[in-house]
Every structure is written in structure tokens, then in C-alpha cells.
Amino acid sequence: MRAHLLSRVPNVCLRTSALAILILAMTLPGYSGCAACPLSVEPGIIVEIRDAVDGGPIAATASGSVTEGSFQDSLHLYDAPLRRAGVYEREGLYTVRVLHPGYVPWEQTRVRVRDTGCGVATVTLEADLQRAP
């Protein structure tokens with residue numbers, strides 16, 4: 001009978017240790033309860049594309065790209081007709097280009113997307129396109 005009781009001691013110790021670790025983790029600075037990362041996939045970059053003269057949204061008929069070294073991604077229509085987005089859940093330092101027929105090409109360099117540890121912090125850019133002469 002005594003051997004049977006002793007065989008259960010390690011399980012009790014493990015449960016107690018796990019509980020102690022949980023309690024310790026909850027008291028550490030930075031603990032934010034049981035909040036979890038969102039389950040959605042978010043774009044690293046959103047570009048609001050407008051006509052510079054009248055401010056009208058023109059993203060639906062524009063195209064764009066995001067590059068970092070040899071990496072390249074397209075800007076996809078995010079919510080027509082104003083915005084396009086790209087580099088979903090990818091941090092980096094990017095060059096963003098927007099093209100539209102009848103407009104001067106637009107470019108923004110050194111756009112930094114940061115990882116928050118729970119996804120990326122989306123950067124929103126405003127591309128006011130100038131009409132071509």
C-alpha cells in the first residue's frame with residue numbers, strides 16, 4: 001500500500017508546480033489576462049489612393065506593388081474604391097509604388113512595418129496622384 005501512495009507523489013508535485021508557475025506568470029509585469037492575439041490576418045500596408053485635384057477615390061482602377069530587396073507583393077483592392085493593401089503579416093522596410101493610367105506614378109520609400117508580437121502594426125499611406133500632363 002505504501003508503494004502505491006508514493007507512486008502518486010510526482011503527479012501531485014507536477015500539478016502544484018504548474019499552478020505555481022501560472023500564478024507567478026499572472027503577477028509578472030506585462031501580463032494582460034487571458035487576451036489572445038486576433039485570429040485575423042492583417043495587411044502590413046494600406047494605401048488610400050485619391051485623385052490629387054478632386055480628392056476622388058481611384059484605388060479600384062489603380063495598381064500597385066510593395067518591394068523589399070528581392071521580395072515583391074502586389075497591392076490588392078482592400079475596400080473599393082479607396083484602398084489597396086499588401087504584405088499581410090510581414091514586417092520589413094518597403095518601397096511602395098502606385099500606378100494609374102493618366103496619372104504620374106507615385107512612390108514612397110522606407111515604409112517600415114513592425115511586428116507587434118501579435119501580428120503587424122498596419123501602416124496607412126495616402127497616395128494623392130497627380131494627373132499626367
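This is a short tour of one predicted model, stop by stop, with something to select at each.

The model is predicted, so local features need pLDDT of at least 70, side-chain atom pairs count only at pLDDT 80 or more, and totals for chains, interfaces and linings use all residues. Residues are numbered from 1 along each chain as its sequence is written, and side-chain values use heavy atoms, with hydrogens and water left out.

**Stop 1: the core**

Start by selecting I45, V47, I49, V96 and V98. These residues have the most contacts inside the largest nonpolar core, which has 21 residues. A nonpolar core here is a set of buried Ala, Val, Leu, Ile, Met, Phe, Trp, Tyr and Cys residues joined through side-chain atoms within 4.5 Å. Buried means under 20% relative accessible area, exposed means over 50%, and partly exposed lies in between (1.4 Å probe, protein chains only). Now color β1 (43–51), β6, β7 and β9 (123–129), the elements that give two or more residues to this core. The largest share, four residues, comes from β9. Strands are DSSP runs of E, at least two residues, and helices are runs of H or I, at least four, numbered from the N terminus.

Stay with I49 for a moment. Among the residues that I49 touches are G56, P57, L82, R84, V98 and A127, leaving aside residues up to four places away in sequence. Contact means heavy atoms within 4.5 Å.

**Stop 2: a buried arginine**

Next, select R84 in strand β5. What you can show instead is the side chain of R84 reaching the backbone oxygen of A59 at 2.7 Å. Not counting residues up to four places away in sequence, R84 touches residues including I45, V47, I49, L75 and Y78.

**Stop 3: a histidine in a loop**

Move on to H100, in the loop between β6 and β7. H100 is buried, with a relative accessible area of 14%. Draw a line from H100 to A62: they are 38 residues apart in sequence and 4.5 Å apart in space, C-alpha to C-alpha. Beyond residues up to four places away in sequence, H100 touches I58, T61, A62 and L129.

**Stop 4: the disulfide**

How many disulfides does a search of the whole structure find? It finds one. Select C37 and C118, whose sulfur atoms are 1.9 Å apart; the cut-off for a disulfide is a pair of cysteine sulfur atoms within 2.5 Å. The pair links distant parts of the chain, 81 residues apart: C37 is in the loop between α2 (9–27) and β1, and C118 is in the loop between β7 and β8 (120–121). C37 is partly exposed at 38% relative accessibility, and C118 is partly exposed at 33%.

**Stop 5: backbone details**

Finally, show the backbone. A cis peptide bond joins A80 and P81, with omega about 0°, and P81 lies in the loop between β4 (76–79) and β5 (83–88). E89, in the loop between β5 and β6 (92–99), has a phi near 55°, a positive value in a residue other than glycine. R110 also has a positive phi, near 55°; R110 sits in strand β7 (residues 106–115) and is exposed, with a relative accessible area of 64%.

How values were computed. A polar contact is a pair of N or O atoms within 3.5 Å; within protein, one must be able to donate a hydrogen and the other to accept it, and residues adjacent in sequence count only if both atoms are side-chain atoms.
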